[in-house]
Amino acid sequence: MGDTRVLQGEGVAERSGGLQGSGVSIVPVVGWSRCCAPRLHPIRLPLEKGHHIHLCVPPGIKCGGVLSAPYGNFSSPNFPGRYPYETECTWLIVVAEGSSVLLSFSHFELEYHAACAYDYLQVYNGAARDQGNLLGTFCGHSPPPPFSSAWHVMAVVFRSDRHVAKRGFAAAYRKDACGGQLTGLSGEITSPRYPESYPNNAECRWSIGGGSGGGPLTLVFTDFQVEGGQGCGFDYVALFDGPTTAAPRLGRYCGSTRPPRTVSSAPHLLILFKSDFNIGGRGFKAHFYWGECQEVFTAVKGNLSSPRYPNFYPNNLKCQWSIQLPPGYRIKVFFLDMELEGRSSLTGGCDYDHLAAFDGGTENGSLLGRWCGRESLAPITSRSNQLLLVLHTDRNTAKRGFSITYVGVVPMNISCTRTDFHIQIPVQSLAQLERNRIYLGTPSCAAQVVGRNFRIHTRFDTCGTESQKRNNTSVIVSTLYINFSAGDQEDIHQYEVQCEPKRKEASVTLIAGPDPSRLSQAENLVDAQQREGGVTDAREIKSQDTSDIVFISICILAGLLMVIAVVGLMLL
């Protein structure tokens, strides 16, 4: 059993992973005292990976400390009498690694304010006091709910101002080797002692729900090895669609086959693990997430952001957003705002919180980028019709997060001659639109439906085309409009169509998506369909370049007339 070392004062955290073990060694800090307020004494506690956490210790006030016994109680100063004014106390609860902390309150009475701006109590999931770890801020007469930490450290902070003192609070904590109440937006669950063999005669219950998340929960097992048997009568994992075993059972599993992905119908899920008196196994590892942290987008355009944006995102997250558009589309992503934890000072890489983008629907796809810190990022474009965004956050140092908008780049085949534009778009890509919502230059140059394509075939002297000089080269330019507007909501996508007549080379550029004021950067898009052989039948994309034949015929006729004129002059 670890001992309890009582320290007084406010905790100030550096980057940390967690306190080592259940014992705590207190080390005075030399040269760090300038970071503490006057009359406070600095101490340093060891953390994982060679890091430390610093506490500033004030004299006199008996509150706060490091609680490292497997269970215990603590309360506000003078409880059950009134707590003193202008007091701030921090308790760090540290249990053995691999366990979690269960925290509950038997009495709670603090000065009330709608935003808890005066006297308050805060509970943090871990040692570091940042917004990503904050489980809640509480005041008034309603006690906080029971909490279960995501790892083996929990911090509790009490603060009072200079007015209106109440009786305060009384709390109890205990170590729990398995089970607990989980309220985060995402989290990880493992059997006791995982990946070592789990103990016999174990019974663990994880109740997920009751926190800030909403909607259904998803549970995914990444490893599973539990004693098998007919009907799973020995060791098993059972899932229930609600907070108790009275809720409908979603499944009962054993053996070495991973259970399927499970989605609850309500914002609660109960996981029950039981083992009998003999024969164990490696156990299991699973992670859960709320809808806010795992979404699939199929609309041609959309917006997404980190959980709680623009407020600080939670810690210990792995969130995934999958964008899946019809075949032929490419996905262009615009970064409107980005502020994550910065790069590692040791490696210079995004080793802590980071956002990554993958081409395709899984993390096995090509990495399009990995970002962290506060950056202004250029848009990215997928090479397929699917793109996956993954946000990882660690145990501390949360930031504002990110805001992203995306637009599906409509698949189209652009070609040109010396006098004409040829544009083809598969009908299936814009099946919800009428042909007059797709036009070049002006609405009078609307597309026609030919076979399985919207087609625009127009001469350069019509449809608002104009000649321009770019890089000392003459080009013909026009704008293709695709109108997705509905009701009073205007939504017109604009593509610049360009032709270099001498070389008969065409290109297309997305110049405005769902919000032109925010998507000001244009990026020249490679016509992937043309590179890959096109998305339409060869018969439908064959260029009808009759204008070149006419041009050559005129040149021949002019030559013949010139010869006849010369001969006539000689005869005269």
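Start with the open sheet, in which 4 strands lie in the order β6-β13-β8-β11 with antiparallel pairing. Strands here are DSSP runs of E with at least two residues, numbered from the N terminus, and two of them pair if DSSP finds at least two bridges between them. Select β6 (71–75) and β11 (147–148): these stand at the edges with a single partner strand each, so one side of each has no neighbour in the sheet.

This is a predicted model, where local features need pLDDT of at least 70, side-chain atom pairs count only at pLDDT 80 or more, and totals for chains, interfaces and linings use all residues. Residues are numbered from 1 along each chain as its sequence is written, and side-chain values use heavy atoms, without hydrogens and water.

Next, select residues 100–109 (β8) and 168–176 (β13), antiparallel strands joined by 9 bridges. Within this pair, V101 is opposite K175 of β13.

Move to D161, in the loop between β12 (153–160) and β13. Is D161 buried or exposed? D161 is buried, meaning under 20% relative accessible area (1.4 Å probe, protein chains only). Its contacts (heavy atoms within 4.5 Å) include Y85, E111 and Y118.

Last, select L355, I425, L430, L480 and I482, which touch the most other members of the largest nonpolar core, a set of 91 residues. Such a core consists of buried Ala, Val, Leu, Ile, Met, Phe, Trp, Tyr and Cys residues joined through side-chain atoms within 4.5 Å. Another core, of 28 residues, lies apart from it and includes C63 and F169.

Definitions and conventions
Buried means under 20% relative accessible area, exposed over 50%, partly exposed in between (1.4 Å probe, protein chains only). Lys and Arg count as positive and Asp and Glu as negative; His and the chain ends are not counted. A salt bridge is a side-chain nitrogen of Lys or Arg within 4 Å of a carboxyl oxygen of Asp or Glu. Lists of a residue's contacts leave out its neighbours within four places in sequence.
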